[in-house]
Amino acid sequence: MITRAHKFLFMTMLLACVIMAAVLIRLRNRAQDRLQAEATAAPPSIAEGTSNPPRAVTLYVPNDLDGSLTAVERNLALPADNNAEARVLLESLVEIFRAPGSTHPISVASGVNDVYFLPVARTARGADDAGQEAVVDLSGALAVAQPSGIEPETLTLLAMMATLHANMPQVTQVHFLVDGQPRDTLAGHADLTRTYMAAEANPEPVPTGTGR
Amino acid sequence: MRWTEAAAVAAILLGSAQAQIPPPQAPQLPSLPRSAAPLVRPQFVVVLDAAHGGNDPGAHLRSDVQEKDITLALSNRLRSILRARDIDVVTTRDTDANPSMVDRADLANHAEAAACLVIHATATGSGVHLFTTSLSQAPAALMPPWQTAQAAYVTQSLKLESEIDSALAHAQIPVTLGRAFVQPMDSLACPAVAVEMAPLVGGHVTEARAIVDAGYQKTVVDALSAAIESWHSDWKQ
């Protein structure tokens with residue numbers, strides 16, 4: 001037999017359930033409105049495809065025969081976003097690598113998945129201009145197409161570091177990944193486990209022996 | 001239980017819990033010999049490290065030629081010539097094996113060598129590429145870090161590279177000099193140079209020669225042995 005007390009308790013709990021459902025639906029609608037408002041108010045500068053007018057950039061092109069890096073000027077319309085700008089710079093370099101008659105041939109369609117930036121931790125001395133670390137995520141296809149050897153692999157890394165540093169001076173350190181993963185070497189030789197100082201990419205021609 | 005007693009009990013429990021957690025494991029790296037400081041013993045020992053080997057073929061120089069085979073052939077040939085000249089030689093591998101980078105460096109460091117040559121080969125470029133570490137010169141330390149042991153030998157490594165450069169130039173072989181981060185170079189506690197042999201591209205002085213050309217390999221090995229002999233008389237300076 002159902003007592004009055006049980007009926008009262010059941011009705012009270014049913015009412016509480018209805019009120020809670022109404023509150024949850026209301027909260028959900030408010031959260032949805034807030035997210036839509038934030039998406040609408042996003043700054044246009046990070047939208048994809050936004051580019052600045054073309055400007056002169058310097059790309060450092062390696063030469064396998066003498067181990068040198070040569071500065072090449074190009075006019076490029078770079079995106080406003082830093083990450084996209086770095087990616088366009090490096091892809092332009094890879095385009096030179098795969099061009100017919102390249103002095104550092106690498107046959108790959110796309111060499112860089114993405115470039116990310118991290119603030120460089122300030123030193124104990126508190127340097128204000130510690131700069132940024134560029135994390136360059138190379139494509140697996142580049143690592144496969146990269147000719148194996150100390151010289152060719154080192155030149156690929158140096159060219160990328162020199163190009164980044166020349167056009168984005170705030171880049172002081174560079175770390176390389178392949179398809180988003182850490183890797184021991186680029187193609188069996190050049191060490192990718194370490195973070196490179198961008199200034200190590202000396203664009204001056206490497207001195208050569210006299211036997212040529 | 002009063003508050004202070006409860007806190008004391010909690011501290012004891014926390015302490016015992018922490019005591020059961022093993023400390024983080026540092027990478028197990030071999031210790032450097034005492035002579036890791038740039039002091040060299042009177043005996044003149046040369047370490048030859050034929051890169052790659054075993055399941056690591058290195059570069060594919062041709063469809064039927066792998067880097068590991070060329071480096072081993074160069075190492076064995078150079079070892080024979082140096083031993084014929086009464087120079088002690090230690091090799092990191094004599095067969096198609098692939099010692100780890102740590103094992104290679106450990107062997108070289110315990111040999112307390114006067115010269116360490118890391119031998120590579122590539123299909124790119126022309127002549128011979130010589131590389132020293134990209135580390136900056138650092139003062140000798142009693143217990144140098146394993147990963148940067150080479151830093152105390154940068155000046156000596158550059159001198160050794162200069163000797164090899166001269167010998168190769170004398171043999172009419174083009175040389176490219178550079179600095180690179182290549183393992184196990186940075187962990188070597190000895191004057192160290194990476195020697196990377198490439199094919200010879202024809203020019204106005206040189207004629208084109210493949211990397212498998214026995215005569216070309218002999219010329220390179222002879223130049224390296226001449227450089228080591230020259231280093232034998234200069235290395236203490």
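1. Basis of the note. This is a predicted model, in which local features need pLDDT of at least 70 and side-chain atom pairs count only at pLDDT 80 or more, while totals for chains, interfaces and linings use all residues. Residues are numbered from 1 along each chain as its sequence is written, and chains are lettered from A and ligands numbered from 1 in the order in which they are written.

2. Overall fold of chain B. Chain B has 5 helices and 8 strands, where helices (H or I, at least four residues) and strands (E, at least two) are DSSP runs numbered from the N terminus. Read from the N terminus, the order of elements in chain B is α-β-β-β-α-β-α-β-β-α-β-β-α. Of the 237 residues in chain B, 45% are buried (20 or more other C-beta atoms within 10 Å of the residue's own, with C-beta atoms placed from the backbone). Among contacts in chain B (C-beta atoms, placed from the backbone, within 7 Å) between residues at least 6 apart in sequence, 77% join residues at least 24 apart.

3. The α4–α5 pair of chain B. Helix α4 (residues 154–170) of chain B packs against helix α5 (residues 214–234) of chain B at an angle of about 135°, their axes being 8 Å apart; axes are lines fitted to C-alpha atoms, for helices over the stretch in contact, and angles run from 0 to 180 degrees between N-to-C directions. The angle therefore makes α4(B) oblique to α5(B), since angles under 35 degrees count as roughly parallel, over 145 as roughly antiparallel, 65 to 115 as roughly perpendicular and the rest as oblique. From α4(B), residues including B:Leu160, B:Ile164 and B:Leu168 meet residues of α5(B), among them B:Leu224, B:Ala227 and B:Trp231.

4. The contact between the chains. In chain B, 31 residues are in contact with 24 residues of chain A. The elements β6 (128–133), α4, β7 (175–180) and β8 (192–197) of chain B each supply at least two residues of the side that touches chain A, and the largest share of that side, 5 residues, comes from β7(B).

5. Strand pairing in chain A. Strand β4 (residues 132–138) of chain A pairs with strand β5 (residues 171–178) of chain A in the parallel sense over 7 bridges, pairing being assigned if DSSP finds at least two bridges between two strands. A:Glu133 stands opposite A:Gln173 in β5(A). With strand β6 (residues 196–197) of chain A, β5(A) pairs in the antiparallel sense over 2 bridges, and A:Tyr196 in β6(A) is the bridge partner of A:Val174.

How values were computed. A residue is buried if 20 or more other C-beta atoms lie within 10 Å of its own, exposed if 12 or fewer, and partly exposed in between; C-beta atoms are placed from the backbone. Two residues are in contact if their C-beta atoms, placed from the backbone, lie within 7 Å.
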